[in-house]
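Subject: A structure for you to explore

Hi there,

Here is the structure I promised to pass on. Please open it and keep it in view while you read my notes below.

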Amino acid sequence: MMPTTPSFGEPTGIKLNPGQVPAFTADDMKIYLQSKPSCSLGPTLSGEPPTAESIEFVPSGELRDRLSLWIGLPDDALACFVVLRGPFLLKGISYAPGTQHSPAYCQMVGEIYDARTGRLLVKGVNAFRSSRRPGE
């Protein structure tokens, strides 16, 4: 059975260490990402797991200011910011009722998880860029 991608707020399957913040490591997140051939918005075109371009733990307020978006956590709460490289076939997006559209594709997806619970909080297409330089 193919692993499914959780909806917002659902448990993800990331190995957690309750009582610790963050409750998982970047390696735990990599293991989770490698266990499925998709991101929160759809599968990779190859059927292989997505490539994690970056995984970083950042206070929610800092991430909110950097990305200009509301994350849903207190400013001092830690979030896990993941940038994934595809390409992806986008299936987890909405269109206006009655509109016709071709399949949507993208190269990058950003996902933000609660570093305490591992729950998915925010996902976006081609909007997030890693602040890290390659090799860091």
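Two residues are in contact when they have heavy atoms within 4.5 Å of each other. Please keep in mind that this is a predicted model, where local features need pLDDT of at least 70 and side-chain atom pairs count only at pLDDT 80 or more, while totals for chains, interfaces and linings use all residues. Residues are numbered from 1 along each chain as its sequence is written, and side-chain values use heavy atoms, with hydrogens and water left out.

Let's start with the overall layout. The protein has 2 helices and 6 strands (DSSP runs numbered from the N terminus: H or I of at least four residues for helices, E of at least two for strands). From the N terminus, their order is α-β-β-β-α-β-β-β. Of the 136 residues, 39% are buried, meaning under 20% relative accessible area with a 1.4 Å probe, counting protein chains only.

Next, the sheet. Four strands form an open sheet in the order β3-β4-β5-β6, with antiparallel pairing; two strands pair if DSSP finds at least two bridges between them. At the edges are β3 (51-59) and β6 (120-125), each pairing on one side only. Between β5 and β6 there are 5 bridges, and Val-109 has Val-125 in β6 as its bridge partner.

Both helices meet these strands. Helix α1 lies across β3, β4 and β5, at about 140° to β3. Helix α2 packs on the sheet too, touching β3, β4 and β5, and its direction makes about 120° with that of β3. (Axes are lines fitted to C-alpha atoms, for helices over the stretch in contact; angles run from 0 to 180 degrees between N-to-C directions.)

Now look inside. A nonpolar core is a set of buried Ala, Val, Leu, Ile, Met, Phe, Trp, Tyr and Cys residues joined through side-chain atoms within 4.5 Å. The largest one has 18 residues, and Met-29, Leu-33, Cys-80, Val-82, Phe-88 and Tyr-113 have the most contacts inside it. Two or more residues come from each of α1 (26-34), β4 (78-90) and β5 (104-114), with β4 giving the largest share, 5 residues. A second, separate core of 12 residues includes Val-58, Leu-67, Ile-71 and Leu-73.

Finally, is Ser-60 buried or exposed? Ser-60, in helix α2 (residues 60-67), is buried, with a relative accessible area of 2%. Beyond its neighbours within four places in sequence, Ser-60 contacts Ile-71, Leu-73, Pro-74, Asp-75 and Ala-77.

Enjoy exploring!

Notes. Buried means under 20% relative accessible area, exposed over 50%, partly exposed in between (1.4 Å probe, protein chains only).
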